[in-house]
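Subject: Handover of a structural model

Dear colleague,

Please find below the structure that I am handing over to you. My findings follow after it.

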Amino acid sequence: MSAVVATHWTVHSRRFETSAATREPAWVRGMLIALALAFFALFLLLPLVTVFAEALRKGWGVYFAALAEPDTRSAIFLTLLVTAIAVPLNLVFGVAAAWAIAKFDFRGKQLLTTLIDLPFSVSPVVAGLCFVLLFGAQGWFGPWLADHGVRIIFTVPALVLATIFVTFPFVARELIPLMEAQGQEEEEAAIVLGASGWKTFWYVTLPNIKWGLIYGVILCNARAMGEFGAVSVVSGHIRGRTNTLPLHVEILYNEYNFAAAFAAASLLALLALLTLVLKSLVEWQGRQQMNAGQQL
Amino acid sequence: MSIHVQNIAKRFGHFVALDNVTLDFPTGELVGLLGPSGCGKTTLLRIIAGLESADSGQVFLEGEDASAAHVRERQVGFVFQHYALFRHMTVFDNVAFGLRVKPRGQRPAADKIRQRVSELLDLVQLNALANRYPTQLSGGQRQRIALARALAVEPRVLLLDEPFGALDAKVRKELRRWLRTLHDALHITSIFVTHDQEEALEVSDRVAVMNQGRVEQIGTPAQVYEHPATPFVYSFLGAVNLFHGRVQGPHLQVGADQVRLDHHGFETGAETLGFVRPHELDIVTDLSERSGIEARVERVLALGATARVELTSVGHDQTGRFFEVELSHERMAALRLDTGQRVRLQPARIRLFAPEAPPVELTA
């Protein structure tokens with residue numbers, strides 16, 4: 001594995017903390033640890049506990065009934081559908097963009113690198129508005145699309161578009177530094193040995209970026225499922241049709257249907273936890289491989 | 001297979017990497033491309049391989065113009081300075097790669113591949129490490145694997161880009177000798193790039209010395225070392241003492257001193273640069289001697305096979321110029337030099353060059 005992925009993984013330096021010369025007095029250490037723990041409990045743990053506590057307040061029966069409700073089921077399905085389309089597409093776009101930026105020199109490379117970060121720097125609501133301005137009834141392409149019988153805004157394609165836009169940087173951002181650090185010597189070696197472009201990518205490039213790629217996809221997936229702002233603007237909140245899980249949570253909450261709102265929210269929280277576990281697994285796996293590579 | 005490059009030019013922005021280079025690499029020879037970093041030697045090698053394209057000029061492989069041919073079609077073996085081994089593959093898979101990616105029709109059967117890889121690993125004496133990963137090997141071992149991998153596809157030429165550049169001095173020397181033996185066994189036309197003159201002189205059949213995108217001289221190691229064509233080659237191929245002077249009949253006038261010259265092609269009064277290798281200088285302690293350049297002994301280093309004396313000039317116009325003399329220990333003992341002592345330097349052989357024209361400014 002590359003050194004760049006390694007920077008995600010903290011290197012434990014035991015020597016530093018066990019040496020008396022570098023250790024702070026006990027009360028300082030105690031206070032710092034207490035502060036950190038209090039912060040962690042208040043801002044990270046408590047909300048998570050609240051979600052599940054509220055969801056299950058009226059018992060498991062109500063919880064499952066809320067989830068089995070047709071609109072909720074459709075929201076779950078829609079979220080999965082949008083993610084299933086957006087994430088693979090961003091996987092392809094991300095690899096292509098990273099490949100172009102890391103392995104080739106061309107005019108406007110810096111601009112492209114900056115543009116890739118745009119979805120991160122722009123507020124998702126603004127992103128959603130842009131799509132409305134482009135494809136909405138009064139938008140730039142709206143009338144033309146309407147003439148050809150295509151509707152985008154307030155339909156599932158709009159949700160997919162907005163999600164792709166918002167989650168675009170995850171894979172590319174993860175891969176660019178990794179591929180830049182690896183250089184192109186291995187690819188050059190493969191081509192000199194007679195490998196075609198496709199074989200070079202498949203047998204040389206892809207194995208080298210494998211863990212970084214999986215990591216990027218997991219993050220991309222998490223964001224795609226949880227996206228609210230951009231999706232909210234373009235969806236139109238049509239129950240059972242264009243309501244994703246995060247939007248559904250909001251609607252239920254605004255209707256004072258707390259049990260159902262928190263039940264749906266708990267699903268999102270579960271997905272987040274699952275993502276974290278996967279992410280840690282990938283990191284662990286990558287680190288194992290790296291260590292195996294370094295041992296003799 | 002012979003390689004011929006014709007009028008190759010390459011620029012990177014305003015930097016001229018190669019300036020109309022024409023070179024011949026005859027069949028079966030091992031040619032060293034020698035020069036300081038930035039002289040264009042690696043660029044030339046990459047252009048021959050097809051990894052870089054020239055702005056103008058042609059590359060002929062076996063008399064055929066290969067300038068437009070894709071890297072894949074050129075059938076060259078390339079060895080990179082930093083090995084470029086596939087890090088996620090075992091040594092075996094690395095060497096087998098070139099055979100396995102061949103189009104279906106040309107691909108050898110699996111057992112043929114296994115046999116061929118095993119032969120190659122025997123050739124580089126690393127069969128025991130077939131199942132290791134590149135990170136588990138030493139630098140020298142990695143470079144041998146890289147060489148085996150390049151040879152697997154039976155290339156028509158072998159191109160080595162500073163192959164020993166990343167290795168420590170001892171391994172370098174070992175691998176150098178090993179490469180020479182390997183080449184004597186295989187006789188594959190090879191070009192190898194280096195900035196280490198000792199390496200180039202020791203390994204190559206012929207050496208091409210490059211500087212600032214141009215070939216300064218090409219010849220056997222003995223030719224370029226004994227008869228450097230330009231001041232650059234002279235100073236790049238070893239330690240050198242430089243004397244600025246004016247030709248006066250059979251003498252070279254250096255400041256207030258003069259030294260005797262053998263036959264030379266310069267007219268009296270011509271400004272010249274005289275080059276003398278440290279072992280071609282002798283020291284005389286008798287200052288009344290008329291011939292020789294006066295100098296002051298600064299340091300005496302009596303280590304190794306020969307003794308070295310460092311001196312500075314004392315003439316009016318070139319105070320502080322540094323000289324280096326290499327003498328046998330017997331001669332040293334006879335001279336009994338002291339630090340600070342005034343002596344005269346007498347060259348046994350001196351080579352004159354016209355002072356270089358000031359480099360032409362390139363207007364952007």
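Two strands are said to pair if DSSP finds at least two bridges between them. Strand S3 (residues 30-34) of chain B and strand S8 (residues 189-194) of chain B meet this rule, being joined by 5 bridges and running parallel. Within this pair, Val31(B) stands opposite Ile191(B) in S8(B). Please bear in mind throughout that this is a predicted model.

Confidence

Chain A has a mean pLDDT of 85, with 91% of its residues at 70 or more. Confidence in chain A is highest in helix H12 (residues 185-192), where the mean is 93, and lowest in helix H1 (residues 3-6), where the mean is 42. The pLDDT stays below 50 over residues 1-11 of chain A, a stretch that has 18 contacts in the model beyond near neighbours in sequence.

Chain B and its sheet

Chain B contains 10 helices and 20 strands. Its C-alpha trace spans about 85 × 45 × 35 Å along the principal axes. Of the 364 residues in chain B, 49% are buried. Among contacts in chain B with a separation of 6 or more, 67% are between residues 24 or more positions apart.

Strands S3 and S8 of chain B belong to an open sheet of 6 strands, with the order S6-S7-S8-S3-S9-S10 and mixed pairing. At its edges are strand S6 (76-79) and strand S10 (214-219) of chain B, each of which pairs on one side only. On average, neighbouring strands of this sheet are turned by 15° against each other, direction ignored.

Elsewhere in chain B, Asn20(B) lies in strand S2 (residues 15-25). Leaving aside neighbours within four places in sequence, Asn20(B) is in contact with Asn7(B), Ile8(B) and Ala9(B). The C-alpha atoms of Asn20(B) and Val215(B) are 9.1 Å apart in space, although 195 residues separate the two in sequence.

The interface between the chains

In the contact between the chains, 23 residues of chain A meet 26 residues of chain B. The area buried between chain A and chain B is about 2100 Å², and carbon and sulfur atoms give 60% of it. The rule finds 2 salt bridges across this interface. Arg87(B) forms a salt bridge with Glu186(A), with the closest N and O atoms 2.6 Å apart.

Helix H3 (residues 91-100) of chain B is mostly covered, as 8 of its 10 residues are buried. Among the buried residues of H3(B) are Val91(B), Phe92(B), Val95(B) and Leu99(B). What covers them includes elements of both chains: H12 and helix H13 (197-226) of chain A, together with helix H4 (110-123) and helix H5 (139-152) of chain B.

Salt bridges

Side chains of opposite charge can pair when their charged atoms come close. Over all chains, the count comes to 37 salt bridges.

In chain A, Arg239(A) forms a salt bridge with Asp71(A), the closest N and O atoms being 3.7 Å apart. Arg239(A) lies in the loop between helix H14 (229-235) and helix H15 (245-254) of chain A, whereas Asp71(A) lies in helix H5 (residues 70-103) of chain A, so the pair ties together parts that are 168 residues apart in sequence. Arg239(A) is partly exposed, at a relative accessible area of 32%.

In chain B, a salt bridge joins Arg176(B) to Glu202(B), with 3.1 Å between the closest N and O atoms. Because Arg176(B) lies in helix H6 (residues 169-186) of chain B and Glu202(B) in helix H7 (residues 197-203) of chain B, the pair ties together parts that are 26 residues apart in sequence. Arg176(B) counts as buried, at 3% relative accessibility, whereas Glu202(B) counts as partly exposed, at 39%. Both residues belong to a network of salt bridges that also links Arg172(B), Lys173(B), Asp196(B), Glu198(B) and Glu199(B).

Arg296(B) and Glu298(B) also meet in a salt bridge through their side chains, at 3.1 Å from N to O. Arg296(B) is partly exposed, with a relative accessible area of 30%, and Glu298(B) counts as partly exposed at 28% relative accessibility.

With kind regards

Key:
Residues are numbered from 1 along each chain as its sequence is written. Chains are lettered from A and ligands numbered from 1 in the order in which they are written. This is a predicted model: local features need pLDDT of at least 70, side-chain atom pairs count only at pLDDT 80 or more; totals for chains, interfaces and linings use all residues. Side-chain values use heavy atoms; hydrogens and water are left out. pLDDT is the predictor's confidence in each residue, from 0 to 100. Helices (H or I, at least four residues) and strands (E, at least two) are DSSP runs, numbered from the N terminus. Contact means heavy atoms within 4.5 Å. A salt bridge is a side-chain nitrogen of Lys or Arg within 4 Å of a carboxyl oxygen of Asp or Glu. Buried means under 20% relative accessible area, exposed over 50%, partly exposed in between (1.4 Å probe, protein chains only). Axes are lines fitted to C-alpha atoms, for helices over the stretch in contact, and angles run from 0 to 180 degrees between N-to-C directions. Buried area is the accessible area (1.4 Å probe) that two parts lose on being put together, summed over both.
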